[in-house]
Amino acid sequence: MLELLLPPPVDPLWDLTEAFGADTRPERLNLVLGVYRDESGGTPVMAAVREAEIRLAERSASKEYRGLSGNLGFNRAMLSMVLGPDGPVERAVAVQTVAGSGALRLLADLICRTRPGTTVWISDPAYVNHRPILEAAGLTVRTYRWLDQDGMLDDLARARRDDVVLLQGCCHNPTGVDPTPDAWEALAGLAVRDGWVPFVDLAYHGLGDGLEADLAATRKLAERVPEMLLAISCSKNFGLYSDRTGCAVVLGASRESLRHAETALQNAARTQYSMPPEHGAAVVTAIWEDPGLQASWRSELDAMRERISANRRALVEQLCALGRDAEAASLARQKGMFSMLPLSPEQMLRLRGTFAIYGTTAGRVNIAGIGLERIPCLARGIAGVLEDRGAALVR
Ligand SMILES: Cc1ncc(COP(=O)(O)O)c(C=O)c1O
């Protein structure tokens, strides 16, 4: 009987061998995982988060169930943060989700329930989990070019009225390359002209050019289009990775359509996990609603962003010093936690084998995953692989 429950072999969706694996070399450098690390290599709890947790513990709030929409104060905080103080909150509904991934999945379910068979366009390259989440919800996926912005606009000119276009709002994973303000304008123009629905994934706001700057394109888009979907993650900018904190937002044209969207999201939540976890949402709400805690959070987020930028600037300088000006110039244009190295999958494997530096085989490295003093080592590894010299360069 139990034999029937044993599935045939399947490929894992998340390849853990991309991490250190069996490599025990002391100099090994793991830049695979998308987690912010400080200079000492740790991922500390942010000071405002710690303080909010102490206050919440002292208040010893009840652990009673929250509703299907989760923590309503948190949902208001997310709308105010993302849409801005004067944003169109009256055109929006928000439902707390199990982090950004849960928001992506809940919104994918909403699309599928509303318009089965919808095509969702994702960038090429894309965040590794976009296609699996959308396909698991039963949606059809097509891709548009990301790094060639004229090509992106050409591809999306083919999106039809009933299609949805998934865009990363800032600090694109995996490339670190975002559209220019003009390209965002052009994207908004296409959405308005052709009627497709933008679906914005926000996972790194605050870690590119600053919180408000990183949200500017999303806010402009929200002003222009009648309908829009937003998946918001608090994993990186609040450091709440394991507390699974996020929000799904729908912007709609009428009160009635918003009410339907909210019910559809709640129904989807009910059949997946019923109610989202409270802790992270309570922490974020406590921070957002207290001016002192919010100021502390903003300044720590700024410091994280500044550390990431300093790392990238140092890598660019070191590559220039090694005569790799072209590669340095491409890295200088990137922002946020990730950089795409100009290396092939074979070269990325050589970077692991020879230099003990681990990025994904697609070329992505977590620029926040390295201490400043080891940047020269990363630069020498990249230059060494490009020149195909060997481990002699590593000290
Ligand atoms: C672009 C993007 N979207 C969404 C997520 C989901 O994050 P989480 O589910 O941890 O909030 C990630 C995580 O790496 C991401 O990079």
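Two strands count as paired here if DSSP finds at least two bridges between them, and helices (H or I, at least four residues) and strands (E, at least two) are DSSP runs, numbered from the N terminus. The model is a predicted one, so to speak of a local feature takes pLDDT of at least 70 and side-chain atom pairs count only at pLDDT 80 or more, while totals for chains, interfaces and linings use all residues. Residues are numbered from 1 along each chain as its sequence is written, and side-chain values use heavy atoms, with hydrogens and water left out.

**View 1. Strands β3 and β5, side by side.** β3 (residues 119–124) and β5 (residues 164–168) run parallel and share two bridges. Look for V120, which sits opposite V164 in β5.

**View 2. The whole sheet.** Seven strands make an open sheet with mixed pairing, in the order β2-β8-β7-β6-β5-β3-β4. From one strand to the next the twist averages 25°. (Axes are lines fitted to C-alpha atoms, for helices over the stretch in contact, and angles run from 0 to 180 degrees between N-to-C directions.)

**View 3. Helix α8 on the sheet.** Here α8 (residues 255–272) lies across β2 and β8 (245–251), and its direction is about 10° from that of β2. Contact means heavy atoms within 4.5 Å.

**View 4. Around the ligand.** There are 14 residues around the ligand, and S101, D201, Y204, S233 and S235 come nearest; a residue is near if one of its heavy atoms lies within 4 Å. Helix α3 (residues 99–114) gives the largest share of this shell, with four residues. Sorted by class, the shell holds five nonpolar, six polar and three charged residues. (Ala, Val, Leu, Ile, Met, Phe, Trp, Tyr, Cys and Pro count as nonpolar, Asp, Glu, Lys and Arg as charged, and the others, Gly among them, as polar.)

View 5. S101 puts a polar side-chain atom 2.5 Å from a ligand oxygen, and for Y204 the distance from a side-chain N or O atom to a ligand oxygen is 2.6 Å. K236 also has a polar side-chain atom 3.0 Å from an oxygen atom of the ligand. The protein covers 92% of the 400 Å² of accessible area that the ligand has on its own (Shrake-Rupley method, 1.4 Å probe).

View 6. D124 and P125 are joined by a cis peptide bond, omega about 5°, and P125 belongs to the loop between β3 and α4 (130–136). The bond from N173 to P174 is cis too, with omega near 20°; P174 lies in the loop between β5 and α6 (181–194). C171 is in the loop between β5 and α6, and has a positive phi of about 50° despite not being a glycine.

Key:
A polar contact is a pair of N or O atoms within 3.5 Å; within protein, one must be able to donate a hydrogen and the other to accept it, and residues adjacent in sequence count only if both atoms are side-chain atoms.
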